[in-house]
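Please look at how the chains of this model meet one another. The report below takes the interfaces in turn.

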Protein chains: 4
Amino acid sequence: MTGTATVPATSLARQYRAVRHASAWLAEPMTVEDQVAQSMPDASPVKWHLAHTTWFFETFVLKPALPDYRSVNDAFEHLFNSYYNAVGPQFSRPQRGLVTRPGVDAVREYRAHVDRWMDTLFERAAAGDAPLAEDVIAIGLHHEQQHQELIVTDFKHLLSFNPLRPVYRERQERQERQERQERQEPQERQERQERQERQERQERQEPQSGRAAERQAGFPGWVEHSGGLVEIGHAGDGFAYDNETPRHKVFLRPFRLASRLVTVGEYRAFMEDGGYERPEPWLSDGWATVQAQGWRAPLYWERHDGAWWQQTLTGFRQVDDAEPVCHVSFYEADAYARWAGARLASEAEWETVAAEAPINGNFVEDGNWHPAPPAPPASPAAGAPAQIYGDVWEWTQSPYTSYPGYRAPEGAIGEYNAKFMCNQMVLRGGSCATPRSHIRASYRNFFPPSARWQFAGIRLASDAG
Amino acid sequence: MTGTATVPATSLARQYRAVRHASAWLAEPMTVEDQVAQSMPDASPVKWHLAHTTWFFETFVLKPALPDYRSVNDAFEHLFNSYYNAVGPQFSRPQRGLVTRPGVDAVREYRAHVDRWMDTLFERAAAGDAPLAEDVIAIGLHHEQQHQELIVTDFKHLLSFNPLRPVYRERQERQERQERQERQEPQERQERQERQERQERQERQEPQSGRAAERQAGFPGWVEHSGGLVEIGHAGDGFAYDNETPRHKVFLRPFRLASRLVTVGEYRAFMEDGGYERPEPWLSDGWATVQAQGWRAPLYWERHDGAWWQQTLTGFRQVDDAEPVCHVSFYEADAYARWAGARLASEAEWETVAAEAPINGNFVEDGNWHPAPPAPPASPAAGAPAQIYGDVWEWTQSPYTSYPGYRAPEGAIGEYNAKFMCNQMVLRGGSCATPRSHIRASYRNFFPPSARWQFAGIRLASDAG
Amino acid sequence: MTGTATVPATSLARQYRAVRHASAWLAEPMTVEDQVAQSMPDASPVKWHLAHTTWFFETFVLKPALPDYRSVNDAFEHLFNSYYNAVGPQFSRPQRGLVTRPGVDAVREYRAHVDRWMDTLFERAAAGDAPLAEDVIAIGLHHEQQHQELIVTDFKHLLSFNPLRPVYRERQERQERQERQERQEPQERQERQERQERQERQERQEPQSGRAAERQAGFPGWVEHSGGLVEIGHAGDGFAYDNETPRHKVFLRPFRLASRLVTVGEYRAFMEDGGYERPEPWLSDGWATVQAQGWRAPLYWERHDGAWWQQTLTGFRQVDDAEPVCHVSFYEADAYARWAGARLASEAEWETVAAEAPINGNFVEDGNWHPAPPAPPASPAAGAPAQIYGDVWEWTQSPYTSYPGYRAPEGAIGEYNAKFMCNQMVLRGGSCATPRSHIRASYRNFFPPSARWQFAGIRLASDAG
Amino acid sequence: MTGTATVPATSLARQYRAVRHASAWLAEPMTVEDQVAQSMPDASPVKWHLAHTTWFFETFVLKPALPDYRSVNDAFEHLFNSYYNAVGPQFSRPQRGLVTRPGVDAVREYRAHVDRWMDTLFERAAAGDAPLAEDVIAIGLHHEQQHQELIVTDFKHLLSFNPLRPVYRERQERQERQERQERQEPQERQERQERQERQERQERQEPQSGRAAERQAGFPGWVEHSGGLVEIGHAGDGFAYDNETPRHKVFLRPFRLASRLVTVGEYRAFMEDGGYERPEPWLSDGWATVQAQGWRAPLYWERHDGAWWQQTLTGFRQVDDAEPVCHVSFYEADAYARWAGARLASEAEWETVAAEAPINGNFVEDGNWHPAPPAPPASPAAGAPAQIYGDVWEWTQSPYTSYPGYRAPEGAIGEYNAKFMCNQMVLRGGSCATPRSHIRASYRNFFPPSARWQFAGIRLASDAG
């Protein structure tokens, strides 16, 4: 939580409106019914996300700044508090889906109410009549972007229980948009055509080539790093969460990072080699989870007539060998890497390489809501690995802990990150459900090692030299 | 399932429309959000109830009778099947609340679709162009009435998780309706005033009088029966479920049945005597449940500032000592009866007495959705116990088993009652959530002994002579 | 609990010593280790059974009668109390296997201590110097006999977790004993030879004959009863538990009882007909249990190389088609009966027939600890069904409830039976683990419908006339 | 697993006999019954520990080296395999306490059998007739020492369920031994007297002084370190597990390590300040565990008449404010540190300081089986912190992961450590249940953050400079 002090209020207000609008845009294709249900304790109703992100601004920005601010309902302080003990007790998380009132319209009105007051605050602040906690607003905006990703992932999880296989938005739209893009980017056209041909071949389900071949043949290459004493963590410019600080020195051995993500095809070779049936490649807790949960494939995959199909937000379809594998847990990512004779990267290794890469990729605004095959050049020659940002979060081998010298902020905001530094693994790089402006090289996402409902995938690493 | 053979199609069609309309009327005050959520595996979303009752007519009436019938969606056969293995596999019960599509509007359209086809069927049958399975339609109507009661009880359970304490319908309406009634029934007015005064006294929380006094003083009397060889079970006229047959002989010892239901005031005396703190009056499984669930009062009761409050469908208010106690499990009913030096009635005892009583009382159409104090005369002198029908289901001491000579019907309809004849207790008499035309002396309701979310209460019995 | 008032003290003392000795005899083949472990919360360590039965006499006989009685350890009052709330709090049942001290020797000494004091009591009572609560002692002796059966069944359950398949006592001994018997009963010899031949045939696993044939061909017949108003319950002579009283009238329809128990061969036909794979014959709770527990056969059965084997107390061996099927739950008994086109008997039906049969059969003293095929004549002609007593407890269709007019005794002894009258089913007739002197026609055993570790089997019944 | 190549066979044989004998010595005060029971899935019966450590030598040493080796029972390969998938399937861990046969004597004979064959192996190897896998034997010996610690901790856990509060060995013996020591070390006598006086004061339960005072007054000081690029991990001499390798560089910031362990008195101040009642100092998972488990004090503490008592292996007695606090989870250690304005050390910090300290302290051979107050000088002046080794394992803030460049050994031995590198925290320094020769500066113990049954305590650390 550093650094936004120089952003002028007007720019911040613009950002505020853009981020708030993006949440509403994501909820647009959802029915009222869609926004109420909660599919598991780890997920929340979309309606709740829309209210809770609003609660954040009300609680941490408006109430402290504006003495005349009035809430639409005092009970919301309790109802929409996620986990801030310093604010007060929280409504039971697994029962969020049972609160049918306030309904979707009332939540929309709650959002409008807070947005109006935020406008008031921006105006008064510009006039010098109110304090503007710009850093807290910045946190609030990034907080809302995190929940935008959860709106997408939680809704995908909810839809997975529906035997009618509803779609979020039709693929149609996506193809049209792609075609629009392609008119501007003609070199992509051929690549797309090749992909279609490949998929057609695959749909005829040609037998996989042998294991060793499979594991090596298609592998595009590594990006090498010589290691040594490096620095990671937030460097001081722009927004960052507290958990990215302080910037600090880490000593690295020489290492290599894969030039692209592990694909569905590669992961299928692991599956066909008995990946889910033999304990060897697995961590002890991982194997126990495989057995207890009956995992046989990534989440959302189903076997039909000898072929693997998957639920996506744009419809139910066969898996595509060229796409990055997705919806795997840390346990699966780690087991795959061991089976492949490699390992996952540490977060220091990942960040050291990612800090050199431009922030572009397949993000939530692109409307794919699904990872995509890497662009053709895949440029390992160029030294920069592909797909570093967007597509899928990349599991690292690093447990989520505090950086040396870390201090949690005072007050309720200090609960944002610090108290979760146990039993979780760090993921890096953002996904196809992440807003583009939300990600950066030092960004640390974290989930328990068994979590699969996020868009999380695998990049291999290994020791070098 | 006997007896409807002589009802003419037109009368049956009228009944059909009336019952179907009643379901819609019950859902009227609910928002779309209200109709989606499922508060526990034993309860279902209102939307599901509305669809499943429709599915019953589609599956058991329309499909067999009309070759040209087309469903709005073939997947509904699976989605809205509750537990009929003979029809096919069923969608997972605890996940009914996760199926957000079809939504409320689509379910309404499904109902309209089936209703239109039922009209077609009635017409064709009148013209002799289609067979009319009148007995199956009769079951379907009683089936829908059962679900009407569940709509009320499941929705009450759902609302209980909402800290904003929403109401189903305002009490206002109820009082207005009462006042209308009272203009026609002036003798009730005084009684109502007395009740208000009593409640005001009670709200000042005067200390309860001593235990023995409490238990005896207010008790209005018993209805005696000399026992002997009696007959129970459905006698042959009108509709009955299979589980009410065959009518058969039972030998009874002389017994007494309380002239009215146990009241909140009486039950509070049990609570204040340590009813929930000492194992003595409890069955072993009952006491284990009290401990495991932390029960300290009936369901929906809360302690605030030294007084007991309760959630009702018309609002959150203090408990009323004059009302029948409600939302107790069989375990609590049984423990209360033992504490009070009495017992619960067997279902044969209950039915023998109830067969002589007129079917009137406080039913779902009366719009109270809450049990009411007995009418002033309470008429024990007259020999007929009060509150036999309506208000609250009365737990009996009888486990739910088949009657001697019982045979389950062939086919899927045979699953309706027979396969549940284990681990459940019989309740009798209907409740304030039961449609008036649904109940009769031989009617056997059944729930597990720990169930509390139904409108279930207590009537005492004891050996006589 | 009635009736022992006229037994003279000396006879009672003899009974006391005989019953106490029988417990020690059952534990004789067990190692110290065997007597400590507890295989599930429903079962208890053998050491605990030996101590708890001793505690019963100490608590309910010695302490009230002898002011100078001193316990070996005051903590035993708490430690060995099973469920008597009136005596005080109880040590946690699922943790009985964690109390390694007092050890086996100390429990043996505890037994000797109480036995010495009981001798003192018998002497003083004979001299008129102490009161002798003969009815409580009688309960204590029957109580210990019940635990003798549990020693056998709990130990069998414990051994089932040991992959080394230890035996309780060698079959050798049993065969020798049989041979001794056969010298006195030559007519049995041929039957035994036939059984061996049959088993040898079976071990070659000849294919079962078709289902219908299987179900009818071997079936030996029914015992008919004309029904009417009968009396059941304890009649007044000899010992009985309170739950067998009062004797009372029940009206029965005409019925038939199978002339022998259902055999392993018959039950295998049910299994081969998909008994465990199709929901049709099952109660709803039964089918849910089959699915949740993965039941595919009776408890202790295992499939090896295409044949069914079973663990017995005398060793691991193939199942014998001629033996009564055993270790089935009520759910399985009920499903089998429905599949076979019959039903289970009510306890009133069973008792009415059993009251005419002599009390003999295969009991714990016979040293088989396993049910045996019926004796050759099987005498359906004679009107008396075979195997009514001993071999296996017979599940009835009757839930365990109080008899009309039942009153639980005052005080702690009142907890013996009354508080379990819910969620259990009645079993009748005793088993191969029951002491012969423990059983009678009016005896009511009870277990939850899912319990399988008792020697419980199936006798068919059906409506007649 | 490095380094033992130069140890001559005779020395290794001596070590073998010493370690094997130590296991038997620990089991000596236990009854047969004591050695059978299993108090939770995480703990094992003592009998199992004695057999499994023997299995290790049989499986990994004798079978590969001696073609004529014969096991006493082939089933032991399955029965006593803990978690080595490469060896074969394992007997179900939570059911180890149900295997009553082989009994204690048979396990003793199994040990003797393997010991005799190990003698044979040592002899043949000396004669050049057999290969001697010295490194595997060294692992086997350290493996057995780990299980010696578990024998102590698992048995303490088992005894905690016994309401008779049995002791492992009488304190008497310990005091006698102390007195013997004190005759040689007179300067300790006064300190001991002071401790007794302090305890007597404490038993009168004088009110604690205020929080701040409590937290600072008694605190003896810090050991400072200037940080920088250090090396940790096994350096190459002597035995080490694979998980301590490779030695590698870590960059540290300046830090301070407390000069002694946190005491009971200090921890009580945390408790009295609402430590277990307020969420602030806790990690989110920690607070959830506190709530779910109802933790109010360290494991084995009980409140009686306003004072805290604790179960120890030498008896039940009041807690001693001067002793190190023990049997706390990582969650409690972390929360205490945060409350105290400090933090836990990283394992790199800890090892950097510990590498300078001599390996002495309170170990299992000392016969205290309980942590002891620090020796009087406590020598913070000397620069070396007290109690680094022995007394209690010290929770670090480091999740248990692989060191950079780590490679798990090939084969079954590779399962020893590597597959547990997830969801566990590193502990350092050994405890009063650790054999003295088992510990070293680079030793990494690991347990889940909620584990409390190990002798685990707290040393504070903080950032410096």
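A polar contact is a pair of N or O atoms within 3.5 Å, where, within protein, one atom must be able to donate a hydrogen and the other to accept it. By this rule, 10 residue pairs are in polar contact between chain A and chain B, both residues of a pair being at pLDDT 80 or more, a condition that applies since this is a predicted model.

On the side of chain A that touches chain B, helix H3 (76–79), helix H4 (104–126) and helix H5 (134–159) of chain A each supply at least two residues. By class, that side of chain A holds 20 nonpolar, 10 polar and 4 charged residues. There are 2 salt bridges between chain A and chain B, and A:Asp34 forms a salt bridge with B:Arg101, with 2.5 Å between the closest N and O atoms.

| Interface | Buried area | Share on carbon and sulfur atoms |
|---|---|---|
| Chain A and chain B | about 2400 Å² | 63% |
| Chain D and chain A | about 2200 Å² | 61% |

Within chain D, the residues D:Phe251, D:Cys422 and D:Asn423 supply 22% of the area that this chain buries against chain A, which is more than any other three residues. Between chain D and chain A the rule finds 0 salt bridges, while 6 residue pairs are in polar contact, both at pLDDT 80 or more. Strand S3 (248–252) and helix H10 (284–293) of chain D are among the elements that give two or more residues to the side touching chain A, and that side of chain D has 15 nonpolar, 6 polar and 6 charged residues.

Terms used: Residues are numbered from 1 along each chain as its sequence is written. Chains are lettered from A and ligands numbered from 1 in the order in which they are written. This is a predicted model: local features need pLDDT of at least 70, side-chain atom pairs count only at pLDDT 80 or more; totals for chains, interfaces and linings use all residues. Side-chain values use heavy atoms; hydrogens and water are left out. Buried area is the accessible area (1.4 Å probe) that two parts lose on being put together, summed over both. A salt bridge is a side-chain nitrogen of Lys or Arg within 4 Å of a carboxyl oxygen of Asp or Glu. A polar contact is a pair of N or O atoms within 3.5 Å; within protein, one must be able to donate a hydrogen and the other to accept it, and residues adjacent in sequence count only if both atoms are side-chain atoms. Helices (H or I, at least four residues) and strands (E, at least two) are DSSP runs, numbered from the N terminus. Ala, Val, Leu, Ile, Met, Phe, Trp, Tyr, Cys and Pro count as nonpolar, Asp, Glu, Lys and Arg as charged, and the others, Gly among them, as polar.
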